Amino acid sequence: MNLKLKIWRQKDPNSRGNFVNYQLQNISSDSSFLEMLDVLNEELISRGEEPVIYDHDCREGICGACGLYINGRPHGPDSLITVCQLHMRKFRDGDTIVIEPWRARAFPVIRDLMVDRSAFDKLIQEGGYVSVNTGSAPDANNIPIKKEYADLAMDAAACIGCGACVAACKNASAMLFVGAKVSHLTLLPQGRIEARDRVRHMVAKMDELGFGNCTNTGACEAECPKGIKLTNIARLNREYYKAAL
């Protein structure tokens, strides 16, 4: 495959960025999107140019580090996958591919396609934990939990914190991420102890860090690689109202 790449290049957080065009030839349709970027970087390095900086880690769809905006969509044109799971067979020979970093005030660009997502870590520090001493792994069924609640908590726990929900939202809202964390812990008895403080603190921190409010457009659910549902935002709102009573 021969491709035209239009990639956002930015030297550092204080520099003005711009798109730079690149040409790539003979890319295998069986290669992954990140392998395609690796090929580009090898060519840039061989020419004495700076490689394109982007995040990646597990390359198995688990860590969520590989968040990129590809042709106007977080994680690219496929659904329910991360960028590392995207393959070049989803594109056609001669395509132009536009690659950008997440764009949100709470996720400042560090360099090129890499953004600072430590705002999510700060949200977790405000309440994404349980204060009970759980010790070692307990025997199964020590604490009876209805399967319905266990399933909902597990679905919410599938969130990998990649930030696609923030990138997809026109308000750069983090409510799907926070809703998933609140749901995951609040649905389980171990997380009920500090449920009121958790939701109050996480919502306050979300506002402080510059995330916007929910737009009710559903873009976050549509672009989430793990299929986190909007019902988690509804549960977040219910928990927040209950905490205010």
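Predicted model: local features only at pLDDT ≥ 70, side-chain atom pairs only at ≥ 80, totals over all residues.
Strand β1 covers residues 3-9, and five of its seven residues are buried, so the strand is largely enclosed by the rest of the structure. A residue is called buried when its relative accessible area is under 20%.

β1 pairs with two strands, β2 and β5. With β2 (residues 18-24) the pairing is antiparallel and runs over seven bridges. Within this pairing, I7 stands opposite V20 of β2. With β5 the sense is parallel, and there are four bridges. Here K6 has V98 of β5 as its bridge partner.

## Nonpolar cores

The largest nonpolar core contains 38 residues. The residues with the most contacts inside this core are F107, F120, L123, V166, V178, M206 and F211. Two or more residues come from each of these elements: α2 (118-127), α4 (164-168), α5 (175-186), α6 (195-208) and α8 (231-244). Among the contributors, α5 gives the most, with six residues.

M206 can be followed in more detail. Leaving out residues up to four places away in sequence, M206 touches L123, A174, M175, V178 and F211. Another core lies apart from the largest one; this other core has 28 residues, including M1, L24, C84 and L113.

## Helices α5 and α6

Two packed helices are described by the angle between their axes and the distance between the axes. For α5 and α6, the axes come within 11 Å and cross at roughly 170°. An angle over 145 degrees counts as roughly antiparallel, and therefore α5 is roughly antiparallel to α6.

On the α5 side, the contact is made by M175, V178, K181, V182, L185 and T186. On the α6 side, the residues are A195, R198, V199, M202 and M206. Sorted by class, the contact has eight nonpolar residues, one polar residue and two charged residues. M206 of α6 and V178 of α5 both take part in this contact, and both are also listed among the residues with the most contacts inside the largest core.

## Residue P77 in a loop

P77 is located in the loop between β4 (73-74) and β5 (96-100). Is P77 buried, exposed or partly exposed? Its relative accessible area is 37%, so P77 is partly exposed.

Apart from its neighbours within four places in sequence, P77 is in contact with L86, K90 and F91. P77 and C165 are 88 residues apart in sequence, and their C-alpha atoms are 15 Å apart in space.

Conventions:
Residues numbered from 1 in each chain as written. Heavy atoms only, no water. Buried < 20%, exposed > 50% of the residue type's maximum accessible area, 1.4 Å probe, protein only. Contact = heavy atoms within 4.5 Å. Pairing = 2+ DSSP bridges. Core = buried A, V, L, I, M, F, W, Y, C linked by side-chain atoms within 4.5 Å. Axes fitted to C-alpha atoms, helices over the stretch in contact; angles between N-to-C directions. Parallel < 35°, antiparallel > 145°, perpendicular 65-115°, else oblique. Nonpolar A, V, L, I, M, F, W, Y, C, P; charged D, E, K, R; others polar.
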